[in-house]
Amino acid sequence: MVRYELPRLSYDYDELELFIDSETMKIHHQKHHQAYVDGLNKSLEQIGAGSHPKYISAILSDLKSIPESGRNAINFFGGGFENHRLFWETMTPNNDDANVSPGGKIEDSIDVYFDSFENFKKIFSKTSIDIRGSGWCWLALNQTYNKIEIITTPNQDSPWISQKIPLLGLDMWEHAYYLRYQNKKFDYVNAWWSVVNWDYVENRFDELFG
Ligand code: MN
């Protein structure tokens, strides 16, 4: 049986310090993300999932195949596992200019659907800040219409559960920002743009459109 594990980060907790403090990074990764990993493994055990796909996205895309007794838990912990995995991947200490535009096909697509990178950022920021309660803001690929869009999901719901592929995700749970930013969500979102790993997002997008 596949046991999910906490992914390693490709940077140290203090490398995003200017924008996201190391204590938040450490607690977020070691405690919160670990809890989603443990919850997911336990939930799969409880429904007697002797074997299941290695990629959690395959489970989330087809939640109704999960016995009803375990579905909510797997939605929550599986979403939490995968959302955070992508969250770490889409940040980097090597992008210290928030205004750097991503380039490549992803920028072309952003221009088509949001007019400009500046405008995209503005809409994404506002959408994030407007989330009530805990949730996530995403740039996602809508496979039905083959277009990119900004969406939000509540709690730990993943875009995969509605057959949308997350390209970039921003954690808007208070645990992601409260130590440094308290109620100043705008400052958190604004800082986060400075650590977005556009190379990763662009590669992911290119692979999907391969
Ligand atoms: Mn989180």
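Student: What makes K121 count as lying over the face of W193?

Tutor: A charge sits over a ring if NZ of Lys or CZ of Arg is within 6 Å of the ring centre and within 35 degrees of the ring normal. K121 is placed over the face of W193, at 5.7 Å from the ring centre. The model is predicted, so local features need pLDDT of at least 70, side-chain atom pairs count only at pLDDT 80 or more, and totals for chains, interfaces and linings use all residues. Residues are numbered from 1 along each chain as its sequence is written, and side-chain values use heavy atoms, with hydrogens and water left out.

Student: How many aromatic pairs does a search of the whole structure find?

Tutor: The search finds 18 aromatic pairs. Rings of Phe, Tyr and Trp (its six-membered ring) pair if their centres lie within 6.5 Å; planes under 30 degrees apart count as stacked, over 60 as edge-to-face and the rest as tilted.

Student: Why is the pair of Y36 and F76 called edge-to-face?

Tutor: The centres of Y36 and F76 are 5.7 Å apart, with 65° between the planes, and an angle over 60 counts as edge-to-face.

Student: Why is Y36 called buried, and why is F76 called partly exposed?

Tutor: Buried means under 20% relative accessible area, exposed over 50%, partly exposed in between (1.4 Å probe, protein chains only). Y36 has 6%, so Y36 is buried; F76 has 29%, so F76 is partly exposed.

Student: Why is the pair of F124 and W193 edge-to-face?

Tutor: The ring centres of F124 and W193 are 5.3 Å apart and their planes stand at 65°, so this pair is edge-to-face. Both F124 and W193 are buried.
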